[in-house]
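Subject: Structure for you to look at

Hello,

Here is the structure I promised to pass on. Please open it alongside this note; my findings follow below.

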Amino acid sequence: MKYLKYLFFFTLLVANLNCSNDDKASDENGINTSGNKKNTGSSAHGFLASDTYQSLVIEISYVEGFRPNTQTLINLKQFLENLLNKPNGISILEKQIPFPSKTVFSLEDIAEIEDANRTKYNDSGILAVHLLYINGNFESDTSSSKTLGTAYFNTSAVIYEQNIQELSDAINEPNRVDLETTVLLHEFGHLLGLVDLGSPMQNNHLDTAHDKHCDNESCLMFWKVENNGVLQMMTSGIPQLDANCLLDLKANGGK
Ligand SMILES: [Zn+2]
Ligand SMILES: [Zn+2]
């Protein structure tokens, strides 16, 4: 099977993109962006509870040809509505962005593309998250290992949609919506503080050999989702969060 050649990578990079001048971060229009340049997982409570943010705005920037499927976005909204206390609602905005000038990206490149295209930042009562759907490859990709998504900062993730498209919807490959959804929900799980990344563990379920992942091999947050083990996990569809992950989210202000 073609896709067995590939390792599926969902990467998580924490702290290495911290803004050195956090409090003064702003874009060229003078908008204060510092609330959206913090460590991955550090806004978990803000996502889950309603004491600070009563609504969530999800801004999606995609390169032409690499927009996520509509059903994937419906799945994301359903997933979040089941977990987050957002009485004023969850909205999704989409826009097409220009092709980047390169096709192999470092995380710094990704953050630059985000900066150039992101328009929504946290505001009074409103939490903003930015999802970048991009062509090309992460710099560590090889012919046999492909990065599918990375959560970075507290409200930012990149999805390598070209890699997802290459690895889905052919014979013996996963359904594209299922793979898109699995990648997106896994990365969102990190933004929600899983595992032990901002949503404190109620029971110990941290896989110590695989940082910030769950020890349940059928959970959405299991590390094997990061390699070709995801294939077995997807035979019955999109992996779900297990009881321990759900408990952590609830304890940190979620539903
Ligand atoms: Zn992960
Ligand atoms: Zn779990």
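The zinc ion (ligand 2) has a tetrahedral arrangement, because its 4 donor atoms subtend angles of 99 to 118 degrees. For reference, the ideal angle for four tetrahedral donors is 109.5 degrees. Bear in mind that this is a predicted model. The protein donors here are Cys214 (SG), Cys219 (SG), Asp242 (OD) and Cys245 (SG). They lie 2.2 to 2.3 Å from the zinc ion (ligand 2). Along the sequence these donor residues are spaced C-x4-C-x22-D-x2-C. Cysteine 214 and cysteine 245 link distant parts of the chain, 31 residues apart. Cysteine 214 sits in the loop between α5 (176-191) and α6 (230-233), cysteine 245 in helix α7 (residues 243-251). Is each of the two buried or exposed? Cysteine 214 is buried, as its relative accessible area is 0%. Cysteine 245 is buried too, with a relative accessible area of 0%.

Next, helix α7 itself. Its buried residues are Cys245, Asp248 and Leu249. Seen down the axis of α7, these fall within an arc of 95 degrees, so they line one face of the helix. On the other side of α7, Ala243 and Lys250 are exposed. What do the buried residues of α7 pack against? They pack against α1 (44-48) and α2 (70-83). After α7 comes glycine 253, with a positive phi near 110 degrees.

Now the other metal site. The zinc ion (ligand 1) has three histidines as protein donors: His186 (NE2), His190 (NE2) and His213 (NE2). They lie 2.1 Å from the zinc ion (ligand 1). The spacing of these donors along the chain is H-x3-H-x22-H. Histidine 186 and histidine 190 are 4 residues apart in helix α5, so about one helical turn separates them. Both histidine 186 and histidine 190 are buried. Water is not among the atoms, so sites may look incomplete. Please keep that in mind when you look at this one.

Then the largest pocket. It holds about 220 Å³ of space. Its lining includes Asn75, Gln78, Phe79, Asn82 and Leu83. Thr181, Leu185, Ile238, Pro239, Gln240, Leu241 and Leu246 also line the largest pocket. Which element gives the most? It is α2, with 5 residues.

One more residue deserves a look: arginine 118. Its place is in the loop between α3 (107-117) and β5 (126-134). Arginine 118 is buried, because its relative accessible area is 4%, and the cut-off for buried is under 20%. Leaving out residues up to four places away in sequence, arginine 118 touches Asn36, Glu59, Ala128, Val129, His130, Thr155 and Ser156. Arginine 118 and serine 61 are 57 residues apart in sequence. In space they are 7.6 Å apart, C-alpha to C-alpha.

Last, the overall picture. The secondary structure comes to 7 helices and 8 strands. Of the 255 residues in the protein, 55% are buried. Among contacts between residues at least 6 apart in sequence, 73% join residues at least 24 apart.

Best wishes

Note on methods:
Residues are numbered from 1 along each chain as its sequence is written. Chains are lettered from A and ligands numbered from 1 in the order in which they are written. This is a predicted model: local features need pLDDT of at least 70, side-chain atom pairs count only at pLDDT 80 or more; totals for chains, interfaces and linings use all residues. Side-chain values use heavy atoms; hydrogens and water are left out. Donors are N, O and S atoms within 2.8 Å of the metal (3.2 Å for Na, K and Ca); water is not among the atoms, so sites may look incomplete. Four donors count as tetrahedral if all angles lie between 85 and 135 degrees; four count as square planar and six as octahedral if opposite donors are over 155 degrees apart and all others between 65 and 115; anything else is irregular. Helices (H or I, at least four residues) and strands (E, at least two) are DSSP runs, numbered from the N terminus. Buried means under 20% relative accessible area, exposed over 50%, partly exposed in between (1.4 Å probe, protein chains only). The arc is that of the directions from the helix axis to the C-beta atoms. Contact means heavy atoms within 4.5 Å. On a 1 Å grid over the protein atoms alone, a cavity is a set of points where a 1.4 Å probe fits but cannot get out, and a pocket is an open set with protein on both sides within 12 Å along at least five of seven lines; lining residues have an atom within 4 Å of a point. Grid points are joined across faces, edges and corners, and a volume is the space filled by probe spheres set on the points.
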